[in-house]
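Here are my notes on the model, as numbered points. Have a look at the structure first, then read on.

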Amino acid sequence: MPLNTVDPTTLGLRPSECEFARRQAGRELSDLEWAVLSVLWSEHCAYKHSRALLSRLPREGERVLAGPGAGAGVLDIGEGWAVAAKVESHNHPSAVEPLQGAATGIGGIMRDVLSMGARPAAFLDSLRFGMPGTGRTDYLLRGVVAGIAHYGNCVGVPTVGGDLYFHPSYERNPLVNAMCVGFLRHEQLRDSAASGEGNRFLLLGARTGRDGIGGAAFASVTLREDAAEDRPRVQVGDPFLGKLLIEATLEILACEPVVAIQDLGAGGLAGALIEMCAKGGVGAEVWLERVPLRAADLAPAEILLSESQERMLLLLPPASIPAAQATAQRLGIIAAEVGEVRADGEIAVTMGGELLSRLSAAIYAEAPMAPLAPASGNADAPVPAEPQGGDARSALLALLARPNLSSRAGIYGTYDQDVGLRTVVRPGLDAAVLRAAPGAPGVAVAVDQTPRYCERSARIGASLAVCEAARNVAARGAVPIGLTNCLNLGSPERPEAARELVDVVDGIAEAANELGIPVTGGNVSLYNESGGLAIVPTPVIGMIGHLPDPERAIGVGSPIPGMRVLLLGQPADRLAGSEFAELAGVQPAAPAPPDYPALRAVLNLLPAAGAAGEIALAHDVADGGLLVALAEIVLHTGLGVSVNLAEATPRYLFGEPSALFIAVTGDPGAVLLRAAALGVRVKEIGEVTQSAQLVVGMPTEPLWSLERAQLQRAVGRDLL
Amino acid sequence: MIADVVVFPGSNCDFDTLEALRLALPGATLRRQWHGELDLSRSDLCVLPGGFAYGDYLRAGALAARSPALREVRRLIERGGLVLGICNGFQVLVEAGILPGAFQTNDVQHFLCRDVHVRVASSESPFLSGLREGAVLQLPIAHQEGNYRVTPREFEELSSEGRIALQYCGADGEIVPRENPNGSYHSIAGVLGAHGRVLGLMPHPERAAWPEIGRADGLEILRGALSVVAEGGRA
Amino acid sequence: MPNYRAELRIHLRSGVLDPAGEAVQSSLGHLGFAVDRVEVGKLLTVDLSASSPAEAEEALRRMAKELLVNPVLEDYDLEVRAR
């Protein structure tokens, strides 16, 4: 067996980790083993700093069919259908090459969902950039959007949602978090645990090239100032092959007795194979000479660790391999037998019959945990005095033109939102609605996080992200049944960032517990800092809301002039954390913590009233506050809204509450009755009008109005 | 009646089209056929669906148009069968020379997905026989290379032969540049082959075959094949 | 100043996946053309005035660096001639 020539600490392993590995193995490791270990023990693969913390998140729920640890979370949505969903980051690759970075991020998360046996049905993207208007930010934004469109449109999976925020802290560290949602029948659910001595591993998809070698380790080191130098490791996505891979995988899963399946992501073939074996408590023999290569001169470690895209690893009984290969060949895709299960738990790597390495799968799979040393908690900044009075109409126009509130329609327009026939409500307001198939159950889906809140309090900001995501699906009449998350933070080796990591986990746990929403999995992206500047803590929440009858979701039909406009829930009681406070130059302060009782009540009301057909449209009050939300309804529907508001204070008009909705109803009496029964505060504030304008009356103020065209001009800034 | 949907590697609206045809053509035998094994000898209708056949590498539709499957499509046309090319399928028919013209990238230079209005310019086709000339349909588009080009002379010919099928327009049916989403010559959204039995169109009728969610204007086009069968089948 | 025509041939860096080239190669194969490799690149023709061929070339290299070429994935050849 080849001996050790490399100093493993040059591969990014810490001396203590090397010692631990040697102790576990009972010997020195070879170069090949160190190379594999350095990738599998990277933060990106091993969650060294976060794994223990994540156990604080609630995971149990009656609808959870697969939770954390699986390729994606899977939830029961009734009638034998289930939904699979996961969100994952592709931040560093997108900072280096935005188009391919985003494209491969989309492809990667799609294969996670595919690995559960689900057909990928929709993408959502959570994007964060530095302030727009600088050449670099505009280049990154355009590249990332083009990458999402390039991969998603071609692979035939619609993009139905997302969020986009600008904040100076993302200038050097843009974030690209992608979420994929898939549908499956319960009996199609698959697992990645390998079993059965002699079963064969079938590598399906692209040839292996020198793509993204060390990509996982790359994502775990703080981005260098000269990131351009990291370029040769960038992977290239091929959505055309990705589409073939979906069809070939689903057909083989349907026709052959597949024992286990896993996508190839971080750590490539080694990552997938070792995870499958470690999960199943078995080992494997790998035949590297059988891996189809794009370049002949790949070294064994490169074959094992290459992050070439569009590949899946399937485990099948030997007798089923020929049929699976025939299916692949018919569909024009390569399928190679690259190894078999060993009962002894050892991973034996061979090339042309020569044994290159033999080491226990458990050693590779169990990286030593890294301790967190969080700084002690900071008191949230005091709530400053609030501005009074002012011109609400001008403030509204100014808010709508802010980069974080302006229209995203131009971006959505470059994504195919409809392919697959599952999109019942397209993106634009709160959450999109998907059906598993025409006539079948479905979901409302949203991703959310507001950097402004997290900047002042990581914990409250994380809780509020869960609340907002829950509100967004509830606005379509859905019941939130599970969430997935992606925690984007700075270096956990800094006490302040370690504190933020603890705080965002606690914040999510609190809100998830309060609202009874299980966490079905997630992803952690640390080390998002460069040049001494770390990002604002960014816990992105992907929410799944259940809709037994998505074709009757709130928002499928259109409001009609004459319908009444109601406020449901608790208006804002302060400006702290709001976009208005930033606009007004008020000293920033932590936002108010969530009002869980009020939110729970209204989350109960909307699905019931929606299912009864009492609500034509609902929209949650969030970024920018009440007037912005009313303006968004005018923009979205093309109709007008005329309201009389109870207060004229900035906090009422522009504060950002955690439990407030605007609802449009043709049957206010029925909604009022429900609200009384469920303890929801409700107030009728006006009506929908034919004339496309926002008309606002307030105590002691003259009536004012804005035409839809004026609102359109304010939000209509072209970001691309 | 037998209707076939051809699947090229990279087609991604094949399942959608089948699903919509199931609704539009009750009782028809529907088949999803892989391009490499295509047999249209018993077919009444063949649909080339939307997607990115062969990744749309080189030019949209160019590689698929060289597939042996196109020989089978031409034979069906010679027999008087119906052929419908939707979006990428339209691009394939144009690249194969079955329909005239060529496609360029949208004038906005990026992919576009949204609802548009199209005006029925000719009903001299089974696919449009259920619609009157001048009718306005709301249909979704989703494409990057939808900027349809023909020469002025070809346009005159197509017009005089009643082969301009659909044109982008406003909700009121007015054909004006601002309602043209992609820069297509004279706002052309769909054209007919000789005898009206081949229709290529950029909008996706299969995505608008769903009355329960308020998108149903594509149903009539998909149902058009029924008119031929009702007349006694193909020639 | 003399006029020059520059041709910038942009191709993928070696080892970078070229899905378009692979798809075209495969289609050529189905049409009976056996070829060893196809690469899909871009050709940019730039007309400009400069005091010398060397200055024109220098300008093109700056354009390549700042806009025309994506150094993450692409490399290029440059040819400058009088027009």
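1. Across the interface of chain A and chain B there are 11 residue pairs in polar contact, both residues at pLDDT 80 or more. A polar contact here is a pair of N or O atoms within 3.5 Å; within protein, one must be able to donate a hydrogen and the other to accept it, and residues adjacent in sequence count only if both atoms are side-chain atoms. Helix H7 (135–155), helix H9 (239–255) and strand S14 (423–425) of chain A each bring at least two residues to the side of chain A that touches chain B. H9(A) gives the most to that side, with five residues. By class, that side has 13 nonpolar, seven polar and 10 charged residues. For the classes, Ala, Val, Leu, Ile, Met, Phe, Trp, Tyr, Cys and Pro are nonpolar, Asp, Glu, Lys and Arg charged, and the others, Gly among them, polar. Helices (H or I, at least four residues) and strands (E, at least two) are DSSP runs, numbered from the N terminus.

2. Before going further, the ground rules: this is a predicted model, where local features need pLDDT of at least 70, side-chain atom pairs count only at pLDDT 80 or more, and totals for chains, interfaces and linings use all residues. Residues are numbered from 1 along each chain as its sequence is written, chains are lettered from A and ligands numbered from 1 in the order in which they are written, and side-chain values use heavy atoms, with hydrogens and water left out.

3. How much area do chain A and chain B bury between them? About 2,400 Å², with 59% of it on carbon and sulfur atoms. Buried area is the accessible area (1.4 Å probe) that two parts lose on being put together, summed over both. In chain A, Phe240(A), Leu421(A) and Arg426(A) lose the most area to chain B, together 24% of what that side buries. The contact (heavy atoms within 4.5 Å) takes in 30 residues of chain A and 28 residues of chain B.

4. Chain A and chain B share three salt bridges, and one of the salt bridges in the model pairs Arg426(A) with Asp115(B), with 3.0 Å between the closest N and O atoms. The cut-off is a side-chain nitrogen of Lys or Arg within 4 Å of a carboxyl oxygen of Asp or Glu. Arg426(A) also meets Asp418(A) in a salt bridge, at 2.9 Å from N to O. Arg426(A) counts as buried because its relative accessible area is 17%, and Asp418(A) is buried too, at 3%. Buried means under 20% relative accessible area, exposed over 50%, and partly exposed in between (1.4 Å probe, protein chains only).

5. Now compare the contact of chain C with chain B. It takes six residues from chain C and five residues from chain B. The two bury about 580 Å² between them, 79% of it on carbon and sulfur atoms. On the chain C side, the residues touching chain B divide into five nonpolar, one polar and no charged.

6. Some salt bridges within chains are worth checking by eye. Arg600(A) and Glu514(A) meet at 2.8 Å, N to O. Arg600(A) sits in helix H20 (residues 596–611) and Glu514(A) in helix H18 (residues 495–515) of chain A, so to speak distant parts of the chain, 86 residues apart. Arg600(A) is partly exposed at 32% relative accessibility, and Glu514(A) is partly exposed at 33%. Over all chains, the count comes to 61 salt bridges.

7. In chain C, Arg9(C) forms a salt bridge with Glu79(C), the closest N and O atoms being 3.6 Å apart. Arg9(C) lies in strand S1 (residues 3–12) and Glu79(C) in strand S3 (residues 74–82) of chain C, so this pair ties together parts 70 residues apart in sequence.

8. Last, His90(A), in the loop between strand S3 (81–89) and helix H5 (91–96) of chain A. Is His90(A) buried or exposed? Buried, at 17% relative accessibility. Its side chain reaches the backbone oxygen of Gly101(A) at 2.7 Å and the backbone nitrogen of Gly105(A) at 3.2 Å.
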